[in-house]
Amino acid sequence: QAATMLAGEELRVAALAQSNKDVGGRIGQEAAWIRSEVSVADIAARNEALARSTAGIQARRTTLLADAAARRKAAAIALAAALKSFTEAEATLSGSVSALANLARRQAARNALEEATNSREVGYSRFLDALGGDFDPQVWDEGVARYAAIGRAINEARDQYAKLEVDRLLADAQHSYNLANFDDAYNSLSKANTLWKERYPSLTYPPLDFWLSLVRMARDTGNSRIIRQNDPLYREMTQYLSLARLTYEKGITLQKSGKRTDAKQTFASALAIVANVTQTFPLNEDAGFLSLQILKATSEADFQSSLPNRIDDAAALLKTNPPAGYARIADLSHIEPKNTRLARLLVQAEIAIGKRRPEPTAAQKSQSLRLADQARQIIKTGRSVDLTRAEQLLAQAMELDPNDRDAQTVSLNIQTLKGGGPDKVLSLTDSQKLNEARLFFSQGQYNQARDTLNALLRSEGTKTRDVLLLDQQLNQLNY
């Protein structure tokens, strides 16, 4: 800019000098012309203008050079600050990556990843500050390269964190499931699922989906068998159950004293009270067991003669409505613990509702391991068609042995290869657009966020995880 302005001024001075030269030539040729007052005045004016222009050029040259020096200095300071931020990000990132494998330090490592991300973004902001001045292109290229490299390293570390944590939470859930702690298992799986969706919004992890479905069914069935204290009807229902229990015990007392008619009437009253619970909570364990106790106490012979039919009905119900069938079978098993058919049915019912998994045989475990190893060898090619074949093998392995940790690990690696690996890194300009879209989103200006994001998506190579996640968030709000 300074060179252009100075060149313009110099052209003007050259024109004035040429004009003065022309005047000098006329002076030498026409003595009469030199005696003209107008001609003399013209020469004086031209000389004065020439002097002013020359002085102006020098002043502007001085100003422009000073301004250029100031901008170079400001750019150098901004670039140095940016590189310092990048150095801080690299140092923080290095410590974070080494700590991820240590469970006790993993959360601290996760926090360090965020610090590294912040340092990288500060460096990016300072790079933008440098755009307004003159700078060393070599330093600029170095900064751009480091910005991209740090971005890739952060994404790889986030992948590692997500995989390690999802794997840990899945293992915790399986352990809780085996102890029949279905609420704890579900909580671990929900955390794993949230983490997975945040990191890989467009990918599924079959083992996680399998265990979520299994544990959810077991937990929901279990919850339907009890009345929790936070239920709005807890107090009323527990009062009914308590009254029904007292009424039943009163009937037992009457029966033992020989007052069979009064006892039967009392048992009928107890059943009517229990019905107040089963109308609202048909699978409630306490109500179901108490109902069977009352029926058995009313007439042991009638109860035993009807028991085969009750078992048949429960077995049929298990096929059409597993939770209800399980409740019937569990209640009958509770009151008839020595019935071998009920014992077998109870195992089947627990499997049907996800409360129990059939223990794989040694042959099934061995086959599952072989399939997982085949899948591991196949994915080494990295070809999409091979990944599909590997997933099919892993599905067979999980069917044989859902607890096969080897198959779960290979499945996790496949998802990474399908798109969960090192993410693309946006250019500085595209990063600026993404930040603008995020700012609009955080301020509730969703239309502006969508317009800015759409403009970014039209550029090549901009479908990174962060971009797709914001796109998903806007879609969920119908923008």
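This report describes the helices, selected contacts and a few individual residues of a predicted model.

Residues are numbered from 1 along each chain as its sequence is written, and side-chain values use heavy atoms, with hydrogens and water left out. Because the model is predicted, local features need pLDDT of at least 70 and side-chain atom pairs count only at pLDDT 80 or more, while totals for chains, interfaces and linings use all residues.

**Overall make-up**

The protein has 19 helices and zero strands. Helices (H or I, at least four residues) and strands (E, at least two) are DSSP runs, numbered from the N terminus. Of the 479 residues in the protein, 38% are buried. Buried means under 20% relative accessible area, exposed means over 50%, and partly exposed lies in between (1.4 Å probe, protein chains only). Contact means heavy atoms within 4.5 Å. Among contacts between residues at least 6 apart in sequence, 70% join residues at least 24 apart.

**Helices α11 and α13**

Helix α11 (residues 300–320) and helix α13 (residues 340–352) have axes that come within 11 Å and cross at roughly 15°. This makes α11 roughly parallel to α13. Axes are lines fitted to C-alpha atoms, for helices over the stretch in contact, and angles run from 0 to 180 degrees between N-to-C directions. Angles under 35 degrees count as roughly parallel, over 145 as roughly antiparallel, 65 to 115 as roughly perpendicular and the rest as oblique. The crossing of α11 and α13 is left-handed, that is, the near helix is turned anticlockwise from the far one by less than a right angle.

On the α11 side the contact is made by P308, I311, D312, A315 and L318, and on the α13 side by R341, L342, L345, Q348, A349 and A352. These residues divide into eight nonpolar, one polar and two charged. Ala, Val, Leu, Ile, Met, Phe, Trp, Tyr, Cys and Pro count as nonpolar, Asp, Glu, Lys and Arg as charged, and the others, Gly among them, as polar.

**Aromatic pairs**

The whole structure holds eight aromatic pairs. Rings of Phe, Tyr and Trp (its six-membered ring) pair if their centres lie within 6.5 Å; planes under 30 degrees apart count as stacked, over 60 as edge-to-face and the rest as tilted. The ring centres of Y177 and W211 are 5.3 Å apart and the planes stand at 80°, so the pair is edge-to-face. Y177 belongs to helix α5 (residues 137–178) and W211 to helix α7 (residues 206–224), so the pair ties together parts that are 34 residues apart in sequence. Both Y177 and W211 are buried. Y177, F182, F210 and W211 form one aromatic cluster.

**Individual residues**

A82 lies in helix α3 (residues 37–99). Not counting residues up to four places away in sequence, A82 touches G123, R126 and F127. The C-alpha atoms of A82 and S125, 43 residues apart along the chain, are separated by 7.7 Å.

T452 is found in helix α18 (residues 446–457). Leaving aside neighbours within four places in sequence, T452 is in contact with K433, E436, A437 and F440.

A180 sits in the loop between α5 and α6 (182–199), and its phi is near 65°, a positive value in a residue other than glycine. N478, in the segment after α19 (465–476), has phi near 65°, also a positive value in a residue other than glycine.

| Residue | Relative accessibility | Class |
|---|---|---|
| A82 | 0% | buried |
| T452 | 15% | buried |
| A180 | 42% | partly exposed |
| N478 | 71% | exposed |
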